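Student: I've got a new model open on my screen. Can you walk me through a few spots in it?

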Amino acid sequence: IYSCCYLNRRLNQLSRHDPLWKRHCKKYWLFSEEEKARRNQGWRDIFISTYSDLGRYIQYYATLKKAWDDLEQYLGQWCPRMISSLKESVREEDLDAVEAQIRCKLPDDYRCSFRIHNGQKLVVPGLMGSMALSNHYRSEDLLDIDTAAGGFQQRLGLKQCLPLTFCIHTGLSQYMALESVEGRNKYEIFYQCPDQMALNPSAIVMFITGTSYLEWFTSYVNKVVTGGYPIIRDQIFRYVHDKDCVATTEDITVSVSTSFLPELSSVHPPHYFFTYRIRIEMSKDALPENICQLESRYWRITNAKGDVEEVQGPGVVGEFPVISPGKVYEYTSCTTFSTTSGYMEGYYTFHCLSNKDRFFNVTIPRFHMVCPAFKVSTA
């Protein structure tokens, strides 16, 4: 009995030893020494009070909090006006009320994220990325919980699907399935695309963008903060660049990034729409006499069946850019395939301004475009 009493007393002493709680506060709640000093509490008290509020999210909180912190830091440097569109956190009872309203449970990783930030205001540019072509523009907002609940779907084809994003220009949304119905996996995230050949208007195709909210959101943030998506005019553009997709000819380097546009694509009939952004740059160490002008382009376009199309014409997007040492020229164009993937390659023909009889070709590296995985609704 004496030994048990001594052991329990010793365990109680150890459990109250404040430095033991420091590691847990930093690991699970990302608390810093500065935050501890501001709260004027011990590590044990901080852990217990935070756990009483956020304990159900302990396996998600640190990952999502770091993602939000990294994103805010990056936006503050590169897209400062987007910071003001972020909403403050919601309360636990607000999330419970939404579940009662839609009569469906929200996944804990989704709830956890909204305990940190309640999405954003419906503004442009959207937090979840933009895309622009000459006659098409899209910018997706991360919906706040009330707006998302208002768009909750119970109609055939999108049963028990909650919108995560929304574009005020196109009406495009990414949805999260809250139940495994109509061929979807629970918590799968997707763009919906109408099946244009089906007699049933509820028949849709789903382009899959994530398997869970945690995976979907953190992978997007990682792409943003590591520079995987370019910042153009204070907006995040969702172009993916393959680091191997670069070619240098003499002093000129050409690199390509690509993106798939679900809102302009169709599975039935097969019509897969891709946009690509090309960067042409002359080395800053090039000699001044190497200044040149783009004359024409040649493309060799191959789909997944091996069918080849060749295109040749003057300039690019109606322009004939002049390239000089250190100068960069970028432009955006698009293509479509009747197959789910394909690739393009080719060359630009330049002429030297200091010697107009000199023409030379600059290689455009082969770049592949692949449609994301998709499913056909069983509705």
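Student: Which residue in the turn of the β14 and β15 hairpin has a positive phi?

Tutor: First, this is a predicted model, where local features need pLDDT of at least 70, side-chain atom pairs count only at pLDDT 80 or more, and totals for chains, interfaces and linings use all residues. Residues are numbered from 1 along each chain as its sequence is written, and side-chain values use heavy atoms, leaving out hydrogens and water. Strands here are DSSP runs (E, at least two residues; helices are H or I, at least four), numbered from the N terminus. Four residues sit between β14 and β15, and the one in the turn with a phi of about 90° is Gly-306.

Student: How many bridges pair β14 and β15?

Tutor: Strands count as paired if DSSP finds at least two bridges between them. β14 covers residues 292-303 and β15 covers 308-314. Ser-296 stands opposite Pro-314 in β15. The sense is antiparallel, and the count is seven bridges.

Student: Which element gives the largest share of the lining of the largest pocket?

Tutor: A pocket is an open set of points on a 1 Å grid over the protein atoms alone, where a 1.4 Å probe fits, with protein on both sides within 12 Å along at least five of seven lines; lining residues have an atom within 4 Å of a point. This one has 27 lining residues, with Tyr-229 and Arg-238 among those nearest its centre. β8, α10, β12 and β19 each supply at least two. Five residues, the largest share, come from α10.
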